[in-house]
Amino acid sequence: MTEADLPDAPIPETPVPDCQSCGACCSYSWEWPTLIGFGDGDGLPRHLIEDGRMRCNGNRCAALAGTIGEEVHCTVYEDRPLVCREFAAGSDDCLAVRREFGFEG
Ligand code: SF4
Ligand code: SF4
């Protein structure tokens, strides 16, 4: 048997963080949840939109309910902006934002 015949070593899987006990990406920058394309934001309540973005309180999106790092949810989940839809849990950006809040993994 040669080295080439040996099976690859298993790559350890990193668990994907749970968004419902996080909320970091919804709270780190008032500039981030911006509406960016035709139809983006359709269905959102007008009072949650300000200057082409989600209205924020400080850096926290006004549509986020709950306590960051404990239990949160997006109150406009079905109509959330594209940037929110495309922000993948477990991505490098997600993990970087989580680190800013002191969350592991
Ligand atoms: S930072 Fe990552 S884990 Fe936290 S809510 Fe956003 S996508 Fe989910
Ligand atoms: S719209 Fe929802 S998913 Fe997007 S930043 Fe606000 S709370 Fe988070």
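The model is predicted: local features need pLDDT of at least 70, side-chain atom pairs count only at pLDDT 80 or more, and totals for chains, interfaces and linings use all residues. Residues are numbered from 1 along each chain as its sequence is written, while chains are lettered from A and ligands numbered from 1 in the order in which they are written.

**Stop 1: ligand 1.** Select P17, C19, C22, G23, A24, C25, F87, A89, C94, V97 and R98; they surround ligand 1. Near means a C-beta atom, placed from the backbone, within 6 Å of the molecule or strand. Colour the shell by class: 9 nonpolar, 1 polar and 1 charged residues. Here Ala, Val, Leu, Ile, Met, Phe, Trp, Tyr, Cys and Pro count as nonpolar, Asp, Glu, Lys and Arg as charged, and the others, Gly among them, as polar.

**Stop 2: ligand 2.** Its surroundings are C26, P33, M54, C61, A63, L64, C74, V76, R80, P81 and C84. This shell has 10 nonpolar residues, 1 charged and no polar.

Stop 3: Select 64-67 (β5) and 71-74 (β6), an antiparallel pair with 4 bridges. Strands are DSSP runs (E, at least two residues), numbered from the N terminus; two of them pair if DSSP finds at least two bridges between them. Find T67, with E71 of β6 opposite. Between the strands sit 3 residues, and G69 in the turn has a positive phi of about 85°.

**Stop 4: D51.** Go to the loop between β1 (49-50) and β2 (53-54). D51, not a glycine, has a positive phi near 50°. Is D51 buried or exposed? D51 is exposed, with 9 other C-beta atoms within 10 Å. The cut-offs, with C-beta atoms placed from the backbone, are 20 or more others within 10 Å for buried, 12 or fewer for exposed, and partly exposed in between.
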